Amino acid sequence: MRALRWHGKQDIRCDNVPDPKIEHPRDAIIKVTSCAICGSDLHLYDGFMPGMENGDIMGHETMGIVEEVGSEVSNLKKGDRVVIPFTIFCGECDQCRRGNFSVCERSNRNKSLADKVFGHTTAGLFGYTHLTGGYPGGQAEYLRVPFADRTHIKVPLGIPDETLLFLSDIFPTGWQAAVQCDIQPDDTVAIWGCGPVGQFAIRSALLLGAKHVIAIDRVPERLAMAEAGGATVIDFSKESVVERLNELTRGKGPEKCIDCVGLEAHATATIDSMYDRAKQAVMLETDRPHVLREMMYVCRPAGTLSIPGVYGGLLDKVPFGMAMNKGLTFRMGQTHVNRWSDDLLRRIEQGQIDPSFVITHKVGLEEGPGMYKTFRDKLDGCIKVVLTP
Amino acid sequence: MSGRRIAPRQAQALAQGLGWFSIGLGLAELLAPHRVARATGLQGHERLVASYGVREIATGIGLLTSRDPAPWLWGRVGGDALDLGTLAAGLRPANRGRERSGVALLAVLGVAALDLACVLSLRPSRPRLPMPLAEYRRRSGLPRPPGAMRGAASDFVVPEDYRTPEPLRPWGGKAA
Ligand SMILES: NC(=O)c1ccc[n+]([C@@H]2O[C@H](COP(=O)([O-])OP(=O)(O)OC[C@H]3O[C@@H](n4cnc5c(N)ncnc54)[C@H](O)[C@@H]3O)[C@@H](O)[C@H]2O)c1
Ligand SMILES: [Zn+2]
Ligand SMILES: [Zn+2]
């Protein structure tokens, strides 16, 4: 089959590889009908996440048709239509029973490595480094799904792929980001980053009843799409984020702040961003926490920082004292996709939202490698890429 | 400028080259200010030369490490102007090293032209959009205007473990 494989920094290729096979009775094989490129894939593409190996298959936003199931998978059969969540989970361990699927204790097959690096393991993820299991990803014609009896979202026929695909990651991720804020009717929610995750966080905050949603980015078409979702926008390349946020909240700061940017934050030439770039270049620091610093500074005391944006390792000059003294609450993590997906599927079916609004590019799998660059560099007005094998 | 733009790929490579050049020159100015001052007819201004070295090194690192070299190239153009001003002062008749200042001035002019050509070629030709900006402004994904959708999902019950602790909630906040 064909699959997009990682061969090093900024080197993704569409290769021919052997088809996946059932390896365990709880596995299933999916024939992929649609898959997407995620902002998280860009962190791998740019070489910021440790633990990738030459030849790893990329991708964790995938849906398709069940092709084959292992002997212990009784709730799926050939021909079922499924969206595959990016977090692989067993459904039985202590964490899964609490709904904390992204920290499932059993799905990471490189558990001992992860135990060493993270202190305790987190869940296995598709197409996302050997620290999280090194499972082949779904930017391919076929995907092997481990723990398939739990790791799936069954979806009805009759709704197009484009509307359902993002149940795999970015819709639940934006949703969990907003849920982590426990939004109250009087809340102002400020959202950094208007990429796909930011777009869903904006709409989730609105649907969950935030009084005012403010969105920050510098890419004109992303800001325009944020406005479409009801947000007041701030272009950080043109105005001071802190000043504008204070203005919009009568000097008090937003109660809730969401980081939908992560470790590759850009900044207009501020001292802290130059410092981060220099340290990252000489590998003294892995991440650029500019957005975190800004959120800690501007957030209202006793407010909440919700962090779906991905961080890889070591952050420097994070004003933790400020956060402590202001009594801020931090909520973060990879998304527990299946904790929210049934409810979100129902909302899609009821017409509360149609997630396909975010798609700007739809191309064949073999055009994937070029699309990584288009998406990363925000060329051609790109916001979200869907690939069809 | 002649108006002919350098191809973006080459401009990127040129920017990298200028980065290394900055670092090389900066190191020379910082570590051997006397020799650099003598070579450019600026004797007596060694400290100034060394401080220019620090500037060069900083811009060089910026150029080599950032994805968008443009702001750093503008930094170089500004630095070139500073160098030109300093060297022009060296042209005054009283300066014995006047000729050397003159030669250095010409050299800096050449580099400045290169810096400028490079940064102008890098000027982002704003990527063309697959649809007009107004089209993005219509992409809400919502069935009704956002104002009418506020709170549409308030039937959602925030799970216990995602609730804000009671003392951190606003007074009179949502019960239940
Ligand atoms: N927690 C999870 O489970 C989960 C799931 C999916 C994605 N993610 C992460 O969410 C983040 C966003 O993903 P995406 O797909 O939207 O990616 P993206 O790269 O398309 O979006 C990031 C956006 O942030 C903007 N940005 C950069 N610097 C900024 C700054 N200083 N202030 C404001 N905006 C800034 C960029 O212009 C861009 O539009 C990534 O870090 C991704 O890894 C996390
Ligand atoms: Zn993702
Ligand atoms: Zn589990």
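Biologist: How many residue pairs are in polar contact across the interface of domain 1 and domain 2 of chain A?

Modeller: The rule finds 8, both residues at pLDDT 80 or more. A polar contact is a pair of N or O atoms within 3.5 Å; within protein, one must be able to donate a hydrogen and the other to accept it, and residues adjacent in sequence count only if both atoms are side-chain atoms. This is a predicted model, where local features need pLDDT of at least 70 and side-chain atom pairs 80 or more, while totals for chains, interfaces and linings use all residues. Residues are numbered from 1 along each chain as written, chains are lettered from A and ligands numbered from 1 in written order, and side-chain values use heavy atoms, without hydrogens or water.

Biologist: Where do those domains run?

Modeller: The assignment, automatic or from a database, gives 2–169 + 335–388 for domain 1 and 171–332 for domain 2. Their centres, over C-alpha atoms, are 25 Å apart.

Biologist: OK, switching to the metal. Which residues coordinate the zinc ion (ligand 2)?

Modeller: Cys38(A) through SG, His60(A) through NE2 and Asp169(A) through OD, at 1.8 to 2.2 Å. Donors are N, O and S atoms within 2.8 Å of the metal (3.2 Å for Na, K and Ca); water isn't among the atoms, so sites may look incomplete.

Biologist: What spacing do the donors follow along the chain?

Modeller: C-x21-H-x108-D.

Biologist: And are His60(A) and Asp169(A) buried or exposed?

Modeller: Both are buried, meaning under 20% relative accessible area, with exposed over 50% and partly exposed in between (1.4 Å probe, protein chains only).
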